[in-house]
Amino acid sequence: MDSSFTQDLSKLEEYSLSMIDFIEKLPDSFFDCEELTPSKGVIDNIINYSKKTPVSYTTNNKVYRYSRN
Amino acid sequence: MKNIQRKTDDELVKAFMSGEEKCLQVLIDRHRNKIYSYILMMVKQHELAEDVFQDTFIKVINNLKRGKYIDNGRFPSWVMRIAHNLIIDFYRKQKNVKEVSNDATDYDLLNSKKFSESNIEDKMVYSQILTEVVELLDYLPDNQKEVVKLRHFMGLSFKEIAEETGVSINTALGRMRYALINMRAMVEEKNISLTV
């Protein structure tokens with residue numbers, strides 16, 4: 001029998017997937033808002049990670065925020 | 001040669017997979033707000049949302065550099081699916097799915113019991129209602145539109161909205177009040193049904 005936690009997680013999964021469908025339908029202009037932009041530091045981390053990553057790479061590596069972790 | 005900014009997502013992905021690193025920046029710039037908004041809607045905290053956003057793109061990079069991408073013209077959707085998996089993993093590890101609830105607010109998309117327990121048909125109707133509500137937002141003045149987005153789509157408190165937009169809490173509340181009055185009027189005028 002599914003536990004309450006499993007059921008809640010299943011509902012959350014359904015909700016999350018339906019939000020993806022919903023967000024996909026929205027125009028890009030809807031998200032044109034400074035509060036909905038990730039920080040430059042995060043973007044820089046991603047770009048730097050990519051530059052240092054060869055074509056084949058193992059997962060489970062995590063780039064931590066500069067000066068935060 | 002085609003300007004990099006005018007390339008389609010799939011062209012950028014292919015070029016990135018061939019080693020053109022600069023294409024990743026264009027893809028991120030093009031879709032970062034949409035993807036970040038989805039993550040923020042699910043986790044409700046900026047710090048956590050940024051961590052998930054970063055981890056999502058690390059998986060995106062790893063997958064692309066391994067040649068794992070299906071060309072279907074829906075790059076942002078593919079990225080959001082990866083974010084979705086990370087978010088669900090996060091809550092699974094937390095062992096407390098209720099953390100996603102934002103009970104401090106009087107209404108929240110994530111707290112919509114009706115939606116969470118609805119069937120597929122209800123979900124489609126709900127999605128249609130949300131789409132119509134979003135269309136109504138376009139008719140609002142910018143300052144009212146901003147408050148509605150931050151409050152109901154991003155789950156910010158009025159105190160947070162006041163801080164983000166540089167106005168007093170009373171002003172933020174006033175803008176929401178006028179936004180709701182205007183939207184109610186538009187719902188009546190356009191004869192839109194807002195029930196599932």
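Visitor: What is the relative accessible area of B:Arg66?

Guide: B:Arg66 has a relative accessible area of 32%, so this residue is partly exposed. The scale runs like this: buried is under 20%, exposed is over 50%, and partly exposed is in between (1.4 Å probe, protein chains only). This is a predicted model, where local features need pLDDT of at least 70 and side-chain atom pairs count only at pLDDT 80 or more, while totals for chains, interfaces and linings use all residues. Residues are numbered from 1 along each chain as its sequence is written, chains are lettered from A and ligands numbered from 1 in the order written, and side-chain values use heavy atoms, leaving out hydrogens and water.

Visitor: Where does B:Arg66 lie in chain B?

Guide: Look for the loop between helix H3 (46–65) and helix H4 (75–94) of chain B. Helices here are DSSP runs of H or I with at least four residues, strands are E runs of at least two, and both are numbered from the N terminus. Chain B has nine helices and zero strands, and 49% of its 196 residues count as buried.

Visitor: Which residues form a positive surface patch?

Guide: B:Arg66 belongs to one, together with B:Lys59, B:Lys68 and B:Lys93. Patch members have over 30% relative accessible area and no salt bridge; like charges are joined within 9 Å, and nonpolar side chains within 5 Å.

Visitor: How many salt bridges are there over all chains?

Guide: Opposite charges can pair when the charged atoms come close. A salt bridge here is a side-chain nitrogen of Lys or Arg within 4 Å of a carboxyl oxygen of Asp or Glu. The structure holds nine of them over all chains. One of them joins B:Arg32 and B:Asp29, at 3.6 Å from N to O. Both residues sit in helix H2 (residues 22–43) of chain B, three residues apart, about one turn of the helix. B:Arg32 is partly exposed at 26%, and B:Asp29 is partly exposed at 40%.

Visitor: Which residue does B:Asp142 meet in a salt bridge?

Guide: Its partner is B:Lys145, with 3.7 Å from N to O. You'll find both in helix H7 (residues 142–153) of chain B, three residues apart, about one turn of the helix. B:Asp142 is exposed at 61% relative accessibility, while B:Lys145 counts as buried at 16%.

Visitor: Why are B:Glu163 and B:Lys159 separated by about one helical turn?

Guide: Because they are four residues apart in helix H8 (residues 158–165) of chain B. B:Glu163 is exposed at 55%, and B:Lys159 is exposed at 52%.

Visitor: Is B:Thr56 buried or exposed?

Guide: B:Thr56 is buried, with a relative accessible area of 0%. This residue is in helix H3 of chain B. Its side chain reaches the backbone oxygen of B:Val52 at 2.7 Å. That is a polar contact: a pair of N or O atoms within 3.5 Å, where within protein one must be able to donate a hydrogen and the other to accept it, and residues adjacent in sequence count only if both atoms are side-chain atoms.

Visitor: What is the phi of B:Lys44?

Guide: Start with the general idea. Most residues other than glycine have a negative phi. B:Lys44 is not a glycine, yet has a positive phi of about 70 degrees. You can find B:Lys44 in the loop between H2 and H3 of chain B, where this lysine counts as buried at 19% relative accessibility.

Terms used: Areas by Shrake-Rupley, 256 points an atom, 1.4 Å probe, with all protein chains shown as cover. Lys, Arg positive; Asp, Glu negative; His and termini not counted. Charge placed at Lys NZ, Arg CZ, Asp CG, Glu CD.
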